[in-house]
Amino acid sequence: MSCLPIFQLLCFLLFILSFQTNLSFPLSAPPTRELCSPKESAALLQFKNAFFIDHEYVSILCGAFHVKFYPNMESWKEGTDCCFWDGVTCDNITHHVIGLDLSCGGLSGTLRSNSSLFTLSYLQRLNLANNNFQDSQFSPMFGQFTSLTYLNLSHSWFSGQVPSEISHLNKLLSIDLSSNLVSLKTHTLKGLVQNLTEVRQLFLDGIDMSYVDPSSFMNLPFSLTHLSLENCVLKGNFSRNIFRLPNLVWLNLKGNFNLIPKLPKSNWSGPLQFLDLSETSFFEKFPDSIINLVSLRHLSMVSCFCSGSLPRALGNLTKLIFLDLSRNQIIGPVPSSVTNLTQLQFLYLYNNNLGGPIPDQVASFLELKEIDLSNNFLNGSMPSWVFNMPSLESLVLSNNQITGQISSSFTNLTQLLSLHLSNNHLVGSIPDQATSFLNLREIDLSHNFLMRSIPSWVFNLSSLELLSLENNQLTGHLNEFQHESLTHINLANNGLVGPIPSSISHLLNLTSLDLSSNNLNAILDLDMFAKLKNLRSLDLSQNSDLSVISTVNVTYSLPHLTTLILSSCNTSQIPKFLRGLEGLWTLDLSNNKIQDIPEWMWDVGKETLNYLNLSHNSLVNIKQLSWKSIGTLDLSFNLIEGPLPIPPPSVHFYSISKNSLTGEISPLICRLNQLVVLDLSHNNLSGIIPPCLGNSSNLEVLNLRMNKLRGMIPTTFTKGCTLTNLNLNANQLEGLMPEAIVNCRDLEVLDLGNNNLYGRFPQWLGTLPVLQVLVLRSNKFYGFLRDSKTSLSFPKLQILDVSNNNFSGPIPAGCIKNLKAMMNFKEGKTDLLYMGGYLRFGTFDEYSISLVEKGFEIELVKILTMLTSIDLSNNKFEGEIPDVVGKLYSLKGLNLSYNKLSGCIPQAMGNLTILEWLDLSSNHLEGEIPRELVDLKWLSVFNLSNNQLVGPIPQGKQFNTFDESSYKGNLGLCGLPLSKACNKSTMHPKLLSSKKDELWGFGWKTVLLGYGCGMAFGLFMGYLVFWTGKPKWLVTLFDGLQNQRTRKSKKTRRCVRRRN
């Protein structure tokens, strides 16, 4: 045993000697053997030389995915070991190239099937993502990499079909072919599903699978953890079995609009963490089974036609970080269980039908960064927790019905970037104290009822970019802006006063400024905007005390300006900084004092100007209309003389009404085949109406009223006629009304009044399904108004005016019964909406007509949808007023004056509870005034003059407001407001006739004596006449008088019965 230590000592000494010997000589060179084979090195260099590095394009592409651009192939040098090149990985033992990562490497060029890349047969990982292989077909040679476990070709612009050879890569664990211009056939997909038995990640986003049967995914392996099929044009049912894959943690089906996901309705659990069904055709109620996915972190079901209410147990998903159910049809309240989602950072429920108050107990949302509940029906006040979330960056509650004030505690939101509370019912003022908003970029409190002045802190925000406070009730002066970060300012429709802050001239980033519809005052020199080279939109309109001026010599321009609105700004000239501006889109200088258009203006926006409004000025001459893209052109309410200017063919709205145009309408108007609205009214145009206006394929509104047009109405209205409003009132047109008008099935307003048209009433107009206004007044129409053969005649008619014609016969009760639109009265409906329609270019056109209302002829520039009236005055109608008139519950006005109507006033007229004017004057009406008319509380004009009415005038309510002119010419009426008092004689017609006899000078005794003698003689003569039947004229006369007395007594008894 003693020898062992000695042996160990000797070994140690030998080691020391050997170490010293090595130190005494220079270090020997390492072995010269390279790790990378020359063949693979050459292949890589050849691959490199087949492409060029596109730094600019690929850096933008990679930046979009927040990936750093790294051109690693630039480090590949010949003569160096390829195993040490960037992006190249070699096997530690065999030294073969087994990995190649060139993602975001800047490669640009065509990858061909004979590329040297495909000789690297030992590759196990290949990543060519985010490069530019444009015009490169998806090569079947990729199928030769049989050792691949990872393949990523995403976002690289490959095209063609995914080759079936790709299914040979049966060792793949992850494959990403997303976002290329390739398609995938069913047999290739089935091969992938069948052969990739170990695959875990399958990303196929953006691949065209329009011919793939979704059932091809049924046999996916249980190993699958990630499946992404976004925007693949899949259609049909997507099996619920796929949702049950035991290891699936990521499933993305977004953007397959015709795909119908079939979610498990029960027993659905698993490790799923990411689920996106957005923009699919889910078409079911929100699935309760989702609440069992307790591992879920991301749930997105945007625009998938999801309905029903949110389950109360939504709070079971306690690991949720992202929840987006926006743009659906979800109803009901937001469940209070959302308080359990303590890890939630993003909550989007906008564009649904959610109602009720926002849950008030959500104090646990400490991680919430963004919340958007806009475009719902949420009500109640703003919950306090909203202003106590320390991480909140974006708060969007716009377009709801939220009430109350903005709490001063909202200053606690120190991380807030965006605040959007527009279109609610918020009241009070904007809180005064707020100094902690260091990063606030957007404030939108528009369309509320906020009052008082804008607090000073708003003008001091250093990061503010958007300030939108329009449509409130804000008052006071505007402070000076202290920082130059603002890009959008909208303070329109408030009560702001004072001058425009001069600091606006220093907001060099400003692109949009709208201060319209306030009470701003001062003389404003447009030169203050000279430095705002980024300005695109400027609106200072509707500030009546603001006068806009422009210097004579303008040396600056606003090169990006597209919209300028200076309506009602007291300016007398077109701003000179517009000179030379090529990109102008919208120009509104209406309601000013402009007298002429300078020559240079015809070249402003010559290729781009789409909207030009110069109405309500003092223009006299228009030389040319040369803007090639003009769509809306309004020159109305000027002093323009001469012939009608013809705009370019691009115009769809053209109004030059209320000028002094003369001459005929040029046939060049027929070239305007895009025309939707043509308004030439209130001029002195003569000649005939061009026939082409009858068969225009787009024309919806044609207004030629108040001219001197003659001839006949065109007969060229063909099937497919698009007219909704035809107004030819107050011309000199003659002849029959053309029956071709019935081809205009969308016609809502037809006004042909004040012409020389003749013929019988055009009963065929009753077939127009949406006709609302029919005016034929002051023409030469004649004949009976006959009952319609169908109950569907004039179903939408609300205004009927056939006054001042020669119509005769009875008022047809059957026609009155068909006026359904005049019978549909909704109690309490007070919305001030106007008749009109949305034109095909998006603008709402409000109709106008001439109408006799409350005894005065007026032009209604706007027609309230609730206005309903009938005017049959100044004709020869006879007979009784039909009782069915009392069923026109929506009627606002009724004029039957100056006819030959007889009988009594129907009691049923008392049912017309919203009637405002009633004129039955100058007829032969008899009997008493119905007591029921007293209850017409809205009646303001009432005329029964010049009839044969009798008895006391009803008293009380509105009747106490009418003077004696309403009743004059009715000798049998008595009581206030007439001076004739009612007494017993006026109450009893028999006593009244007795008094009349005494007025002739005969007492009762004399009458009694004469009565006895006369009676004896009369009986004798009567016996002879009727026994012999001679003379015949006396018998006939007696019979006629007797029949007349009988009819009259029946009428009288009927009026009396109605009163009782």
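Reply: A search of the whole structure finds 6 disulfides, each a pair of cysteine sulfur atoms within 2.5 Å. This is a predicted model: local features need pLDDT of at least 70, side-chain atom pairs count only at pLDDT 80 or more, and totals for chains, interfaces and linings use all residues. Residues are numbered from 1 along each chain as its sequence is written, and side-chain values use heavy atoms, with hydrogens and water left out.

Counting bonded cysteines along the chain, the pattern is 1-3, 2-6, 4-5, 7-8, 9-10, 11-12.

Take Cys62 and Cys104. Their S to S distance is 2.0 Å. The link is left-handed, with -125° about the S-S bond. Cys62 lies in helix H3 (residues 55-64) and Cys104 in the loop between strands E3 (97-101) and E4 (107-108), so the pair ties together parts 42 residues apart in sequence. Helices (H or I, at least four residues) and strands (E, at least two) are DSSP runs, numbered from the N terminus. Both Cys62 and Cys104 are buried, meaning under 20% relative accessible area; exposed is over 50%, partly exposed in between (1.4 Å probe, protein chains only).

Next, Cys670 and Cys692 are joined at 1.9 Å, S to S. This link is also left-handed, at -80°. Cys670 sits in the loop between E45 (660-664) and E46 (677-679), and Cys692 in the loop between E47 (684-686) and E48 (701-703), 22 residues apart. Cys670 counts as partly exposed, at 38% relative accessibility.

Cys721 and Cys744 are bonded at 2.2 Å, S to S. Their torsion is about 85°, so this disulfide is right-handed. Both Cys721 and Cys744 are buried.
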